[in-house]
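Student: Could you walk me through how to read a protein model, one feature at a time?

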Amino acid sequence: MPRVKIAPSILSADMSKINTEMKEVEKYSDFIHVDIMDGIFVPPTTIDSNFVKAIKTKVPLDVHLMVHEPSDSYIKGFVDAGAYSITIHEEACRNPEKQLRFIKKNKIKSCISIKPKTPLGKIREYLDIVDMALIMTVEPGWAGQKFIDSAMAKVKELRKLKPKLDIEVDGGINPYTARIAYEAGANVFVAGTSIFGKKDRIYAIKEILDRLK
Ligand code: DX5
Ligand code: ZN
């Protein structure tokens, strides 16, 4: 299994002082997870590529597009804003391969995601072209939801299929659920509430990492 990586999700951070938040967590983070919501694929709307561009950090930005049918120019906006990786949703795209190829053409990492109720079979054909797969452990759209255990069957199956692939989990991750996902085969852990909801963010990250040994 690839190395364990932790990705604090800024959805739960204080956006009015995002660069202070970054300074606090960046030394202990492998990625900064950036949730982009369009009000169509998911009801809420969040930040745009201009906001992402203004984030000052040396930590790679892991951009999660919860966006219906993102166009090339829309994706390019996040490439130019400094994304390290871009995730699209299988359920949001008619032909996800088109977006995945465009992301790769821009020389950044590509990732495909599925919601809790979407079977793994829906992304099997993309597994050889992506750098990472995101198995959502809550319905996308909101922070602070409860981890959905049943997603672990997909993580286990995917790990068997792809021993070296980065497998990311997102939603309801805390020290306890991170361990469950780790044992199933996940190695990239997104956490919003369980990090930015705590006063001592570094301690919160360490608490998760301590469970992943
Ligand atoms: C939910 C987002 C998550 C969210 C996770 O749709 O994709 O990245 O920030 O938040 P927590 O860790 O609070 O479940
Ligand atoms: Zn996310």
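This is a predicted model: local features need pLDDT of at least 70, side-chain atom pairs count only at pLDDT 80 or more; totals for chains, interfaces and linings use all residues.

Student: What share of the residues counts as buried?

Tutor: Of the 213 residues, 54% are buried. The accessible surface comes to about 9700 Å², and carbon and sulfur atoms account for 52% of that surface.

Student: And what do the contacts say about sequence separation?

Tutor: Take the contacts between residues at least 6 apart in sequence: 64% of them join residues at least 24 apart.

Student: Let's turn to charges. How many positive and negative side chains are there, and how far apart are the centres of the two sets?

Tutor: There are 34 positive and 28 negative side chains, with the centres of the two sets 4 Å apart. As a general idea, side chains of opposite charge can pair when their charged atoms come close. In this structure, a search finds 13 salt bridges.

Student: What does the salt bridge between Glu21 and Arg201 tie together?

Tutor: Begin with the distance: the side chains of Glu21 and Arg201 meet at 2.2 Å, N to O. Glu21 belongs to helix α1 (residues 18–25) and Arg201 to helix α8 (residues 201–210), so this pair ties together parts that are 180 residues apart in sequence.

Student: Is Glu21 buried or exposed?

Tutor: Glu21 is buried, because its relative accessibility is 1%, and the cut-off for buried is under 20%. Arg201 also counts as buried, at 12%.

Student: How does the salt bridge between Glu69 and Arg94 read?

Tutor: In that salt bridge the closest N and O atoms are 3.6 Å apart. The pair links distant parts of the chain, with Glu69 in the loop between β3 (61–66) and α3 (72–80) and Arg94 in the loop between β4 (83–89) and α4 (96–105), 25 residues apart. Glu69 is partly exposed at 24% relative accessible area, while Arg94 is exposed at 74% relative accessibility.

Student: Where do Arg179 and Glu183 lie?

Tutor: Both are in helix α6 (residues 175–184), four residues apart, which is about one turn of the helix. Arg179 is partly exposed, with a relative accessible area of 21%, and Glu183 is exposed, with 55%. Salt bridges that share partners also form a network, which joins Glu21, Glu24 and Arg201.

Student: Now the backbone. What should I look for in phi?

Tutor: Most residues other than glycine have a negative phi. Here, Glu69 has a positive phi of about 45° although it is not a glycine. Lys107, not a glycine either, has a positive phi of about 60°.

Student: Where is Lys107 found?

Tutor: Lys107 is in the loop between α4 and β5 (109–114). It is exposed, with a relative accessible area of 75%.

Student: Can we end with strand β4? What does Thr87 touch there?

Tutor: Thr87 lies in strand β4 and is buried, with a relative accessible area of 0%. Setting aside residues up to four places away in sequence, Thr87 touches Asp62, Val63, His64, Leu65, Cys111, Ile112, Ser113, Leu134 and Glu168.

Student: And which residues is Ile88 in contact with?

Tutor: Ile88 lies in strand β4 as well, and is buried at 1% relative accessible area. Leaving aside neighbours within four places in sequence, its contacts include Leu65, Pro70, Cys93, Pro96, Gln99, Leu100 and Ile103. Cys111, Ile112 and Ser113 are also in contact with Ile88.

Student: How far is Ile88 from Met1?

Tutor: Ile88 and Met1 are 87 residues apart in sequence, and their C-alpha atoms are 23 Å apart in space.

Methods. Residues are numbered from 1 along each chain as its sequence is written. Chains are lettered from A and ligands numbered from 1 in the order in which they are written. Side-chain values use heavy atoms; hydrogens and water are left out. Buried means under 20% relative accessible area, exposed over 50%, partly exposed in between (1.4 Å probe, protein chains only). Contact means heavy atoms within 4.5 Å. Accessible areas come from the Shrake-Rupley method with a 1.4 Å probe; for residues, only the protein chains shown count as cover. Lys and Arg count as positive and Asp and Glu as negative; His and the chain ends are not counted. The place of a charge is taken as NZ of Lys, CZ of Arg, CG of Asp or CD of Glu. A salt bridge is a side-chain nitrogen of Lys or Arg within 4 Å of a carboxyl oxygen of Asp or Glu. Helices (H or I, at least four residues) and strands (E, at least two) are DSSP runs, numbered from the N terminus.
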